[in-house]
Amino acid sequence: MLIFGTRKISAFKYQEIAFLALAPLLFSAAFSFSLIASAQTGDTPPASVTVQSGDALSAPPSIGAQLSAQNAPVEKSSKASELFTPVTKANTPKNFVKSAPSGPVEMDLRQLWNELKLNNPQLASLRESYLSAKATVPQIAAPANPQVGLVWSGMPVNSPFALGGANAPTPQNPQGISSNNSISVAQPFQFPGKKSLAADIADTNAESLLAQSESTYLQLGAQLSTLYYNTLATQKQLQVLKESVVRLEMIKNVAKARYANNAAAYVEYLNAQVAQSAAEADQFNLERQLEVGIKNINTLIGRHSREKLILKGDGRRALAPVPTLLELEDYAESSHPSLKSSALQLDAARKGVTLAKKAYLPDFQVIGSSYTPRGPFSANNGALFYQFELDLIIPLYFFTKEKYGVEQAMRNQASAEASEISNRQQVVLAVNSAYAAYQQAKTATTFLKDRQVPQADAAYKVGLIQYSNNGQGFNDLLTAQTQLRNLEVQLALAEANLLQAQAALMVTAGKEPF
């Protein structure tokens with residue numbers, strides 16, 4: 001008698017498998033090929049979107065460019081007007097103020113980068129630091145605060161505040177020696193050009209912070225791209241394992257049919273069942289990895305880790321063309337945010353030397369005073385008179401502070417120049433390394449996709465046909481199926497590595513990977 005399995009099979013039509021189990025041992029080659037063809041129709045692959053790509057390099061990502069768009073009309077889906085608003089209770093990132101929603105959200109890589117730019121707490125902190133630095137510029141450029149003074153010298157005769165008889169009338173001073181009151185206003189001024197240059201240096205340093213925030217945005221985006229493609233690779237591995245379970249179900253049913261007709265040993269059926277159980281067990285680990293990957297992505301883009309997220313992707317991007325190495329190097333040297341930041345720091349250091357040299361120039365102070373001989377307890381006995389005073393604040397003590405201030409500024413300039421050269425070398429070297437890694441990943445993916453996987457698939461089909469037609473190659477069939485599964489998993493990982501290498505290459509050059 002025949003033994004029937006009761007396992008549900010998602011990717012095959014159950015009627016075909018049942019018929020295979022009840023059919024005679026001698027299957028025709030045409031029926032075997034038709035059954036294998038039906039086995040290739042697995043679960044419907046997840047939805048994909050086509051991400052725009054091309055050889056031309058667009059402008060580098062600029063967070064500061066959206067400052068001018070605050071008052072301009074924007075789409076409802078864009079939060080550009082909120083990028084540079086101060087953090088308050090109302091606009092605190094939602095992973096701190098709301099729980100996970102019930103409905104899933106479907107995003108591709110471009111949408112994930114947009115969420116990263118808007119909601120990542122680290123980027124929000126950098127934006128606030130930039131706005132804080134920009135707020136210091138008007139403070140430095142503003143004039144110094146004036147000083148207002150009041151002198152009350154009309155003390156009563158012989159009062160304690162008059163120091164005994166200090167204010168007593170004498171033949172020489174019938175009204176006393178200290179009977180005048182005065183009001184003075186003092187306004188300090190720096191030498192022309194000092195304040196404007198200091199404000200310019202502060203503004204340059206603030207723009208350097210903005211460039212650093214854009215560089216950090218690219219680094220976090222590279223991390224996000226890695227998580228994204230790893231998670232997609234995990235989804236692909238799950239799909240491969242499901243297809244492997246279906247293939248092993250077919251092998252198991254063939255082994256049952258042959259055992260029922262005394263054409264095969266029962267151990268072959270047991271071995272097929274063990275292999276199927278092992279494939280199902282591997283799915284549990286991948287499902288756990290998939291859950292962890294989704295949580296990491298949610299956290300990185302500023303969402304609650306428990307929010308449901310569906311990733312969209314397009315595998316055709318794995319073989320999309322990229323610009324040449326020379327184009328990427330030129331783009332990196334002209335547009336990379338890290339190099340922009342170092343160039344701005346160098347500019348600020350050079351201006352700092354000029355400002356330090358201006359310390360040798362004197363500053364000024366203007367004082368205007370108003371005097372009256374009226375005492376606090378006496379009638380007005382004289383007319384008002386005024387006084388104007390101009391003070392010079394001269395750098396003394398042999399210019400010690402100024403000399404070492406200039407030396408400090410020149411050392412800072414030399415350090416900034418060396419740092420700028422080092423950053424440029426590191427960026428170019430990183431582009432070369434990323435390009436080599438991309439070429440290697442592309443070669444490995446192409447070899448797996450065009451040669452190894454088709455060969456393993458053909459070996460599995462041949463082994464299944466021979467075993468179904470009363471052949472004796474059960475171990476060869478299991479080996480071929482295992483080899484096919486391993487190569488399909490390797491292909492999924494290789495495609496993910498290629499996409500990661502492509503994204504890392506674009507980010508290393510200072511560009512978003514789409």
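Helices, as the word is used here, are DSSP runs of H or I with at least four residues, numbered from the N terminus. The model is a predicted one. In this numbering, alanine 349 belongs to helix 8, which covers residues 337–357.

The C-alpha atom of alanine 349 is separated by 4.8 Å from that of glutamine 413, although the two residues are 64 apart along the chain. Glutamine 212 is partly exposed, at a relative accessible area of 33%.

**Nonpolar cores**

The largest nonpolar core has 30 residues, and those with the most contacts inside it are Leu112, Trp113, Leu116, Leu224, Tyr229 and Leu311. Two or more residues of this core come from each of helix 3 (109–119), helix 5 (194–260), helix 6 (266–300), strand 4 (309–311) and helix 10 (474–508). Helix 5 makes the greatest contribution, giving 11 residues to this core. Another core lies apart from it and has 24 residues, including Ile251, Ala279, Leu464 and Leu484.

**Helix 4 against helix 5**

How do the axes of helix 4 and helix 5 cross? The axis of helix 4, which spans residues 121–141, comes within 8 Å of the axis of helix 5, and the two cross at roughly 175 degrees. Because angles over 145 degrees count as roughly antiparallel, helix 4 is placed in that class relative to helix 5. Sorted by class, the residues in the contact of helix 4 with helix 5 are 15 nonpolar, five polar and four charged.

**Aromatic pairs**

The model has eight aromatic pairs, and two of them are set out in the table below.

| Pair | Distance between ring centres | Angle between planes | Geometry |
|---|---|---|---|
| Tryptophan 113 and tyrosine 217 | 5.4 Å | 85 degrees | edge-to-face |
| Tyrosine 259 and tyrosine 266 | 4.9 Å | 55 degrees | tilted |

Because tryptophan 113 lies in helix 3 and tyrosine 217 in helix 5, their pair ties together parts that are 104 residues apart in sequence. Both tryptophan 113 and tyrosine 217 are buried, and tryptophan 113 is also among the residues with the most contacts inside the largest nonpolar core.

Tyr259 and Tyr266 form one aromatic cluster together with Tyr269.

With a relative accessibility of 12%, asparagine 119 counts as buried. The side chain of asparagine 119 is joined to that of glutamate 115 by a polar contact of 2.7 Å.

Terms used: Residues numbered from 1 in each chain as written. Predicted model: local features only at pLDDT ≥ 70, side-chain atom pairs only at ≥ 80, totals over all residues. Heavy atoms only, no water. Core = buried A, V, L, I, M, F, W, Y, C linked by side-chain atoms within 4.5 Å. Buried < 20%, exposed > 50% of the residue type's maximum accessible area, 1.4 Å probe, protein only. Axes fitted to C-alpha atoms, helices over the stretch in contact; angles between N-to-C directions. Parallel < 35°, antiparallel > 145°, perpendicular 65-115°, else oblique. Nonpolar A, V, L, I, M, F, W, Y, C, P; charged D, E, K, R; others polar. Polar contact = N/O pair within 3.5 Å; in protein donor to acceptor, adjacent residues only side chain to side chain. Phe/Tyr/Trp six-rings, centres within 6.5 Å; stacked < 30°, edge-to-face > 60°.
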